[in-house]
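Dear colleague,

Here is the structure you will be working with. My notes on it follow below.

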Amino acid sequence: MFGGFVLTMLQDFDMVDVEFEWFNYDPEIDFHGVKSLLRQLFDVDANLFNMSALSDLVLSQPTIGSTVKVDGKANDPYAMITALNTHETREKEPMKDILKYLVEKAQTNEALAAVPELINSGKHVGLVFSERLINVPAEISPPMYSMLIDEVEAAVEDKEPYEFTHYLILSKTYQEVQSLLDVDDRKRKKAKEESSIYYFHPEDEVLQKHALAYGNFPYTKEEDAVADSKRAFQELGIKAFGHMILIEASKFDGAVKAINEYLSPPQ
């Protein structure tokens with residue numbers, strides 16, 4: 001265990017103090033929890049890939065990245081972070097399919113034009129998966145990223161293949177969308193034009209200020225995400241998008257320091 005700190009969470013409309021603890025990955029304990037978080041990260045497109053194989057790949061490098069838990073190591077993680085070398089893992093299941101997917105998705109957004117070139121060129125890019133349960137405070141992200149930097153540096157010193165040229169962070173955003181029920185085409189178009197992009201991970205707004213490229217992309221299976229079913233007594237539903245943030249390795253430390261300043265937990 002690395003240590004931990006206490007944060008306040010909203011649970012069933014009550015504020016409760018929770019002590020979060022950091023652990024290395026343990027294949028005997030973390031498979032199902034990591035798989036669940038990865039499925040949440042990939043959203044409706046998770047079914048396009050072998051998420052069990054991806055979980056195994058994450059767990060195969062236990063000293064890179066970490067899990068965040070409550071009440072001890074034996075429990076499922078509330079959050080996770082890791083970085084996979086896109087070049088070293090390019091032929092492993094399901095990374096070959098995921099890299100092809102990321103290239104195709106980046107080609108749908110001019111702002112992400114640098115991504116396909118980097119992946120196809122064989123550069124050693126650190127593909128970062130960072131996800132947490134919905135009600136977990138964003139303040140856990142700064143130590144997660146800080147420890148990831150330390151772990152990568154230690155691995156490079158040990159001559160392991162983690163000397164990245166760039167970091168590519170896979171994330172997601174959303175728009176609030178008006179219900180499609182009883183809305184004519186004119187109002188629907190106006191609502192779409194006026195809707196803003198919001199972040200599931202507040203740290204993404206800070207990270208992308210240091211980015212070489214960033215942007216959204218549509219999910220392949222977006223028709224499976226029915227906004228009205230997520231509305232739950234609200235006037236607006238949500239439409240999720242995939243999101244990528246590409247940061248040069250030389251600027252990654254500064255980006256992580258910035259999210260530490262922005263989101264560090266109260267002392």
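**Salt bridges**

Nine salt bridges turn up when the whole structure is searched. Please keep in mind that this is a predicted model.

One of them pairs Lys-73 with Asp-26, whose side chains meet at 3.2 Å, N to O. This pair links distant parts of the chain, 47 residues apart: Lys-73 sits in the loop between strand S3 (66-69) and strand S4 (79-85), and Asp-26 in the loop between strand S2 (14-23) and helix H1 (27-42). Lys-73 is partly exposed, at 37% relative accessibility, whereas Asp-26 is buried, at 16%.

Another salt bridge is formed by the side chains of Glu-203 and Arg-132, with an N to O distance of 2.9 Å. Here too distant parts of the chain are linked: Glu-203 belongs to helix H7 (residues 203-207) and Arg-132 to strand S5 (residues 125-132), 71 residues apart. Glu-203 counts as buried because its relative accessibility is 0%, and Arg-132 is buried as well, with a relative accessible area of 5%.

Glu-91 and Lys-96 also meet through their side chains in a salt bridge, at 3.8 Å, N to O. Glu-91 counts as exposed, at 58% relative accessibility.

**The chain as a whole**

The chain has eight helices and nine strands. Of its 267 residues, 48% are buried. Its accessible surface is about 13,700 Å², and carbon and sulfur atoms hold 48% of that area. Among contacts with a separation of 6 or more, 76% are between residues 24 or more positions apart.

**Helix H2**

Helix H2 (residues 51-59) is mostly covered, with seven of its nine residues buried. Those buried residues are Met-51, Ala-53, Leu-54, Ser-55, Leu-57, Val-58 and Leu-59. What do they pack against? Their partners are H1, S4, helix H3 (95-106) and S5.

**Backbone points to check by eye**

Most residues other than glycine have a negative phi, and most peptide bonds are trans. The following places depart from that pattern.

- Glu-93 and Pro-94 are joined by a cis peptide bond, with omega about 0°. Pro-94 has its place in the loop between S4 and H3.
- Asp-71 is not a glycine, but its phi is positive, near 70°. Asp-71 is located in the loop between S3 and S4, and it counts as exposed because its relative accessibility is 68%.
- Lys-159, again a residue other than glycine, has a positive phi near 65°. The loop between H5 and S6 holds Lys-159, which is exposed, with a relative accessible area of 76%.

The loop between S3 and S4 therefore holds both Asp-71 and Lys-73, the partner of Asp-26.

**A negative patch on the surface**

Which residues gather in a patch of negative charge on the surface? They are Asp-150, Glu-153, Glu-157, Asp-158 and Glu-160. Asp-158 is in the loop between helix H5 (141-157) and strand S6 (166-178), the loop that also holds Lys-159. Is Asp-158 buried or exposed? Exposed is defined as over 50% relative accessible area, and Asp-158 has 55%, so it counts as exposed.

**Asn-260 in helix H8**

Asn-260 is part of helix H8 (residues 249-263). At 22% relative accessibility, Asn-260 counts as partly exposed; the buried class takes only residues under 20%. Leaving out residues up to four places away in sequence, Asn-260 touches Pro-142 and Ser-146. Asn-260 and Glu-139 are 121 residues apart in sequence, while their C-alpha atoms are 8.5 Å apart in space.

**Where to look**

To go through these points on screen, you could begin with the buried pair of Glu-203 and Arg-132.

Best regards

Terms used. Residues are numbered from 1 along each chain as its sequence is written. This is a predicted model: local features need pLDDT of at least 70, side-chain atom pairs count only at pLDDT 80 or more; totals for chains, interfaces and linings use all residues. Side-chain values use heavy atoms; hydrogens and water are left out. Helices (H or I, at least four residues) and strands (E, at least two) are DSSP runs, numbered from the N terminus. Buried means under 20% relative accessible area, exposed over 50%, partly exposed in between (1.4 Å probe, protein chains only). Contact means heavy atoms within 4.5 Å. Accessible areas come from the Shrake-Rupley method with a 1.4 Å probe; for residues, only the protein chains shown count as cover. Patches are made of residues with over 30% relative accessible area and no salt bridge: like charges are joined within 9 Å, nonpolar side chains (Val, Leu, Ile, Met, Phe, Trp, Tyr) within 5 Å. A salt bridge is a side-chain nitrogen of Lys or Arg within 4 Å of a carboxyl oxygen of Asp or Glu. Lys and Arg count as positive and Asp and Glu as negative; His and the chain ends are not counted. The place of a charge is taken as NZ of Lys, CZ of Arg, CG of Asp or CD of Glu.
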